[in-house]
Amino acid sequence: MRRGSGQAGDPPAAGKQAEPAVRSLFATSRVVTWHSDLAAWLDRLGWLRTLSDWLTAVLGPFRERHQDNLVVELMHGGRWVGHPLHPALSDLPIGLWAGVVVLDATDRDPAPRHGIDAAGMLSAAGILAAGATVLTGLDDWTVSNDQDRRVGLFHGLLNTVALGLQGASLGTRLAGHRGTARALGAASLTVTAAAGYLGGHLVFTKGVMVNRVAWAIGPRRWARALQEADLPDDSPTAVEAEGRQIMLYRHRGRLYAIDNICSHAGGLLSRGPVADLTVTCPLHGSRFALADGCVSRGPASQPQPVLPTRIRNGWIEVRGSQPAPRRSASGRTQP
Ligand code: FES
């Protein structure tokens with residue numbers, strides 16, 4: 001019998017005929033689409049949409065009034081922390097409540113106990129940590145984009161249910177009803193895990209609170225962006241150079257070029273006002289210095305990339321932060 005060499009063009013070996021069929025079954029089945037189906041289903045829930053709109057109407061103006069408040073900014077994580085606080089804090093209740101379930105599962109002492117035991121201590125610590133997690137999550141929620149808010153709200157509602165179950169678990173534990181406390185603690189952790197999954201969906205699938213310009217590096221060589229005569233003074237102007245969206249600004253003859261996509265959630269900075277050489281994002285009010293891209297107000301936590309500029313033959317040219325390697329006279333690329 002002829003055996004395949006494993007190279008392209010070989011016929012499939014006996015026993016491997018069914019592999020493509022199995023692969024196609026998994027590729028088209030709910031096994032690989034359920035998470036996106038779930039997010040789409042949540043997005044269609046009418047009551048969730050209504051609640052989200054109502055909360056936005058209540059919290060949006062409140063946040064706008066207090067967006068200069070340092071506590072509000074610090075709850076995002078902000079420029080001092082360098083990334084959002086909420087995902088880091090959310091690890092605390094999950095870990096502490098998982099500890100509760102492990103201690104309950106390994107506790108072999110049948111004697112009824114009143115008062116707080118080790119599992120109760122973890123439960124109480126998790127409840128305290130959940131309070132801080134809720135506040136930071138709510139703060140982040142108010143600056144998320146419309147379509148992410150419904151899933152974010154459901155994530156928050158699940159966490160609220162989990163917090164209630166954990167509170168009931170702690171209460172029954174203190175009263176000496178350990179069996180009920182264990183069941184409620186396990187239920188709380190299960191709901192928390194489901195909520196955590198949705199939080200992961202928001203970050204890893206939707207990019208919520210992820211730096212939107214982390215991969216912006218081009219153009220690798222000087223590229224024409226705009227004719228110099230077409231740039232008005234003191235007016236933010238959106239241009240594109242080799243696919244990168246850039247905001248140009250000229251003040252007293254000095255040129256500034258900054259990435260036009262806000263690092264927080266993708267707002268277009270060229271549509272925001274500029275004052276004192278600082279641009280304010282029109283979506284959620286982050287502020288960036290035009291000279292170096294530094295954040296002077298959150299919710300953005302990452303600086304905005306700035307690009308070097310020059311004028312050649314009447315054109316404003318820009319170059320990315322990673323210039324292409326220089327070529328030597330011999331044509332070889334130099335590092
Ligand atoms: S997109 Fe949120 S501050 Fe710019």
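## An open sheet of three strands

In this predicted model, 3 strands form an open sheet in the order β1-β10-β9, and their pairing is antiparallel; strands here are DSSP runs of E with at least two residues, helices are DSSP runs of H or I with at least four residues, and both are numbered from the N terminus. Two strands are said to pair if DSSP finds at least two bridges between them. The edge strands, each pairing on one side only, are β1 (223-227) and β9 (309-312).

Between β1 and β10 the antiparallel pairing runs over 4 bridges, and L226 stands opposite I316 in β10. Strands of a sheet pair through backbone hydrogen bonds, either parallel or antiparallel.

## How the model is read

Residues are numbered from 1 along each chain as its sequence is written. Since this is a predicted model, local features need pLDDT of at least 70 and side-chain atom pairs count only at pLDDT 80 or more, while totals for chains, interfaces and linings use all residues.

The pLDDT, which is the predictor's confidence in each residue from 0 to 100, has a mean of 85 over the chain, with 86% of the residues reaching 70 or more. Confidence is lowest in helix α1 (residues 19-28), at a mean of 57, and highest in strand β6 (residues 278-280), at 96.

A residue is buried if 20 or more other C-beta atoms lie within 10 Å of its own, exposed if 12 or fewer, and partly exposed in between, with C-beta atoms placed from the backbone.

At 1.5 Å a residue, the 21 residues of helix α6 (residues 86-106) should span 30 Å, and the end C-alpha atoms of α6 are 31 Å apart, which agrees; the expected span is 1.5 Å times one less than the number of residues. Among the buried residues of α6 are P87, L96 and W97, and the buried residues of this helix pack against α7 (118-141), α8 (146-174) and α9.

For the 28 residues of helix α9 (residues 178-205), the span should be 40 Å, and the end C-alpha atoms are 39 Å apart, which agrees.

Definitions and conventions: Contact = placed C-beta atoms within 7 Å.
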